[in-house]
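Welcome to this short tour. Open your viewer, load the coordinates and keep the selection tool at hand.

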Amino acid sequence: YIESNITSIKRFDGCPLTNSCANKYVWPESEIGTVNKSYPCVQRRCGGTYSTGGQWEPVVITCATDYISCAISDLEDLLTAAVNSTKAAALLLKGIDNILDASHQTMTQIQDAARLLKILNYYSNNAIINETTVFTGRTFAIQLEDIACFTGRNFSVNLGSVDIVLAQNTTNFRIAISSTRTDNTTASVLILPPSSKECTQNTTSIHRLTFYTFLQNSLFQSPEQEKEGFKLGSIIISVGGNAVSLAEKFQFSFQVIKDAKTAKLARWINDSNQTGKWSTEEREKLSPQNNIVMTEVKVRNNADKTKFYQGNFAMLLDLNPGSVTCPAAYVVTFIGTVLSIISLLFFLVTYLCSKPLRKSEHGTILINISCALLCLYIVFLMAAYLKSVPALCGISATLVHYFMLVYFMWTASEAVFLFFKLVKVFGNNM
């Protein structure tokens, strides 16, 4: 007779209790395949399989929320593991895709776009890969490649309601991204090697070449340029890596929005305030042919072949091309206004220093007209430099309008005064 005891053991293969955003959000134990919606605008799915165990997927942001900043902090913590692990890299890129799918306005307000770009560039430069690596998401795609012999590359992207496809050979890569958009927008970049060599090769080192494409401009918003009438007219292509130093030039082809009259190739430039703007670098205006624009950029080679280069390019459209004024007109206006101010100051000093002129009725009117004009010209000059600040621009516009009214009022007073002095003096016979 063998004595035996039966003990009930509960097995759990789901996702364990965890937290994020400095313990602000707590995610309880969840079964595989379930989505936790405990918080507004934020949800998280328990992924994995019953053979490998549950694993929390990146947080999905469904509306405007301050969680974006916390989610980026979580990705920064994951970055070290992502460069060494393909599994962590998949979580990192999926997390970036989720954040880019969030509200544009929220991204602009908290100014975290530069942080996301920094994460993406660091991963692209340092990730350990054994073969060409491709990630395609809802909002962007990325491709990483290590090369020793650089014979040029041709990257193209096509947006349409198709399955994710990667077709490649030794020099050509084509990424088709599944998208809800139906415009079938396309873009491509041809990276040309130096024409002096058939194969630019360095047997002692491997060169990294990266290619991104962004379907929307969540990371590249410039409210000031939008107010000035500029709009992004194409998808965004990014080329980078230390292999760029082996190239000679980029040849771009973009499909722009319909009815675009002119476009300029622009590159995104970040500033010290974690914001940025599109810089056209005095590039020539291009006229689309069948909504397609083609242009090229010469590569500025770095002496240090290990230096990481990253350039984000797109087509910038000027929606108000007729409002552009000739620079010479600005110079003439500025010089003329300054001369008028000097002349008015000379006039006021002359009248104020002369008691007979100052005390006369006509002199008083002329002094007030001159003061109104002087203030009008000064505010007019200031307004040209305050247009980038909405509040100050509104105040200056109000003052310009006010001093114009004051000038017209004193001019009318001068007309009435001359009428009584020159017409009425002869009596009712005039």
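Which residues make a nonpolar surface patch of about 630 Å²? Keep in mind as you look that this is a predicted model. Select Val331, Phe334, Ile335, Leu339, Ile342 and Tyr385, and you have the patch on screen. Now colour helix H6, residues 327-353: this helix gives the patch its largest share, 5 residues.

Next, pick out Tyr385, which sits in helix H8, residues 361-386. Is Tyr385 buried or exposed? Its relative accessible area is 63%, so Tyr385 counts as exposed, the cut-off for that being over 50%.

Stay on helix H8 and move to Ser370, which also lies there. Show the neighbours of Ser370 and, leaving aside residues up to four places away in sequence, you will find contacts with Leu344, Phe347 and Leu348.

For the last stop, select helix H1, residues 67-82. From its first C-alpha to its last, this 16-residue helix reaches 21 Å, close to the 22 Å expected at 1.5 Å a residue. Where is H1 kinked? Centre the view on Glu76, where there is a kink of about 25 degrees.

Finally, display the buried side of the story for H1: Tyr67, Ile68, Cys70, Ala71, Ile72, Leu75, Leu79 and Ala82 are its buried residues. While you turn the view, recall that an α-helix has 3.6 residues a turn, so residues three or four places apart point the same way.

Key: Residues numbered from 1 in each chain as written. Predicted model: local features only at pLDDT ≥ 70, side-chain atom pairs only at ≥ 80, totals over all residues. Heavy atoms only, no water. Patch = residues over 30% accessible without salt bridge, like charges linked within 9 Å, V, L, I, M, F, W, Y side chains within 5 Å. Areas by Shrake-Rupley, 256 points an atom, 1.4 Å probe, with all protein chains shown as cover. Salt bridge = Lys/Arg side-chain N within 4 Å of Asp/Glu carboxyl O. Helix = DSSP H or I, 4+ residues; strand = E, 2+ residues; numbered from the N terminus. Buried < 20%, exposed > 50% of the residue type's maximum accessible area, 1.4 Å probe, protein only. Expected span 1.5 Å × (residues − 1). Bend = angle between axes of the 7 residues up to and from the residue. Contact = heavy atoms within 4.5 Å.
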